[in-house]
Amino acid sequence: KSMTTASSSISIDVIQSPGRGLGAALNFGLKKCRSELVARMDADDVSLPGRLASQVSHMNECRDINVLGTNSILFTDACGGESDNLSSISSRITLPYSDEHGAYKMIRSSVQPSDAGFVAWAMLFSCVISHPSVMFRKTAILREG
C-alpha cells in the first residue's frame, strides 16, 4: 500500500514483514527502504513539526554524521501509563489523536548526550538514543551490521 501526503511529495509505503518480532520487522523494513536517510518511528510515536526536515538538512550538511537523534519527552498515554514518545515542550499537550479529554501529562524530559565519545561509552551500558528521534544513514547501519 502506498500513500502520498497532501502537503508534500513524500511517499510512504506500508509493508508487512514476513518475519516474527520487532527485530525481524526492522531489518526487513531497512532492506526495503529506498532512501539513504532513514527515520525510525513506531505507530504511537510523535514528533514536533519540522523535525524530519531539520534532520535531513543537518545530515545533508554534515556528511560525516551517520546517526542523528534528539532529546525527548516522556508522557502518559491515554490510559495514564508511561510512554517514551517524542512530544512537545509543555507539561500538558494535545495530540492529533488524543482522547476525548485531549491531554496527556508530561512525566519527564530525557536529555540525550551529544558528545560522540560519551555516547559510544554510554552505549556499553544502556541505549542512550531515543529511537523515535533518530535519523540515520542506511549504508552506515548496513555496513556495521
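This is a predicted model: local features need pLDDT of at least 70, side-chain atom pairs count only at pLDDT 80 or more; totals for chains, interfaces and linings use all residues.

Colleague: What joins S4 to strand S9?

Modeller: In general, strands of a sheet pair through backbone hydrogen bonds, in a parallel or antiparallel way. Here two bridges join S4 to S9 (residues 135-137), and the two run antiparallel.

Colleague: In which order do the three strands of the open sheet come?

Modeller: The order is S3-S9-S4, with antiparallel pairing. The edge strands are S3 (37-39) and S4 (67-68), each of which pairs on one side only.

Colleague: Which helix packs on the sheet?

Modeller: That's H2 (residues 51-61), which touches S3, S4 and S9, and its direction makes about 35 degrees with that of S9.

Colleague: Which residues of H2 are buried?

Modeller: Arg 51, Gln 55 and Met 59. They cover an arc of only 60 degrees around the axis, so they end up on the same side of H2. These buried residues pack against S3, S4 and S9, while Ala 53 and Glu 61 are exposed on the other side of H2.

Colleague: Now the rings. Which residues do ring pairs link into a cluster?

Modeller: Phe 118, Trp 121 and Phe 125. Phe 118 and Trp 121 both lie in helix H3 (residues 116-122), three residues apart, about one turn of the helix. Trp 121 and Phe 125 form an edge-to-face pair, 5.0 Å centre to centre with 65 degrees between the planes.

Colleague: Is Phe 125 buried or exposed?

Modeller: Exposed, because its relative accessible area is 60% and the cut-off for exposed is over 50%. Trp 121, at 47%, counts as partly exposed.

Key. Residues are numbered from 1 along each chain as its sequence is written. Side-chain values use heavy atoms; hydrogens and water are left out. Two strands pair if DSSP finds at least two bridges between them. Helices (H or I, at least four residues) and strands (E, at least two) are DSSP runs, numbered from the N terminus. Contact means heavy atoms within 4.5 Å. Axes are lines fitted to C-alpha atoms, for helices over the stretch in contact, and angles run from 0 to 180 degrees between N-to-C directions. Buried means under 20% relative accessible area, exposed over 50%, partly exposed in between (1.4 Å probe, protein chains only). The arc is that of the directions from the helix axis to the C-beta atoms. Rings of Phe, Tyr and Trp (its six-membered ring) pair if their centres lie within 6.5 Å; planes under 30 degrees apart count as stacked, over 60 as edge-to-face and the rest as tilted.
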